[in-house]
Amino acid sequence: MPSAAIQLVPLRIDQAAIFHRWIQDPEVILYSLNAFQQMDSLAKVSQWLEATLADARCLNLGVYLAETQELIGHAGISGISAVNQAGEYFILLGEKQYWGQGIATEVTRQVVARGFAELGLNRMMLTVSEPNQGGVKAYQRAGFQLEGRLRQACFRNGAFHDKLVMSVLREEWRDR
């Protein structure tokens, strides 16, 4: 899917029901935020989304199909530190029919570019569950490098797995 086929536009509080539908699917949230594992009502999702959108240290963007304006995901940068010029990248593609089409890689590239150009960041990092090989590959294609491993840091489906720490620096991004 070409980059022109997606748009990154701010989310709205009235989209909580879409998030609620996504998090009802265990496959969608398998490697996502721990908070999503506990959100069992639309009210809790609405509270989370309202707090998320109010966080001044977070860039929250909806991933929309340009042609239809359908919201298919959520991406951005959290924990933005002006002092350290750093933040943590995140993405959730909630509509599974768009998985495996290069959208996550393209969204990651666009958000990282904005982080460096618009927010003046020097470093962006992320953590990804090691079994999420699609995510690992998307992040590598977008310029992230493996930085370290958090051993048995995540418990899903009755077993622990490692989380990988990845990052990209402004100078690496510029040199790509």
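Predicted model: local features only at pLDDT ≥ 70, side-chain atom pairs only at ≥ 80, totals over all residues.
How much accessible surface does the chain have, and what share of that surface belongs to carbon and sulfur atoms? The accessible surface comes to about 9,200 Å², and 50% of it belongs to carbon and sulfur atoms, with areas taken by the Shrake-Rupley method with a 1.4 Å probe, where for residues only the protein chains shown count as cover.

Residues are numbered from 1 along each chain as its sequence is written, and side-chain values use heavy atoms, with hydrogens and water left out.

Let me turn to the overall fold. The chain has seven helices and seven strands, these being DSSP runs numbered from the N terminus (helices H or I of at least four residues, strands E of at least two), and along the sequence they follow the pattern β-α-α-α-α-β-β-β-α-β-α-β-β-α. The radius of gyration is 16 Å, close to the 16 Å that the globule rule gives for 176 residues, so the chain is as compact as a globular protein of that length; the radius is taken over C-alpha atoms, and the rule is 2.2 Å times the number of residues to the power 0.38. Along the principal axes, the C-alpha atoms fill a box of roughly 45 × 40 × 35 Å.

Of the 176 residues, 44% count as buried, where buried means under 20% relative accessible area, exposed over 50%, and partly exposed in between (1.4 Å probe, protein chains only). If we take contacts, meaning heavy atoms within 4.5 Å, between residues at least 6 apart in sequence, then 61% of them join residues at least 24 apart.

Next, helix α5, residues 103–117. Its 15 residues should span 21 Å at 1.5 Å a residue, and the end C-alpha atoms are 21 Å apart, which agrees; the expected span is 1.5 Å times one less than the number of residues. Among the buried residues of α5 are I103, V107, V111 and F116, and E106 is also one of them.

Finally, two backbone details. Most residues other than glycine have a negative phi. Q69, however, has a positive phi near 65°, and Q85 has a positive phi near 50°. Q69 is found in the loop between β2 (59–65) and β3 (71–81) and counts as partly exposed at 42% relative accessibility, whereas Q85 lies in the loop between β3 and β4 (86–93) and counts as partly exposed at 35%.
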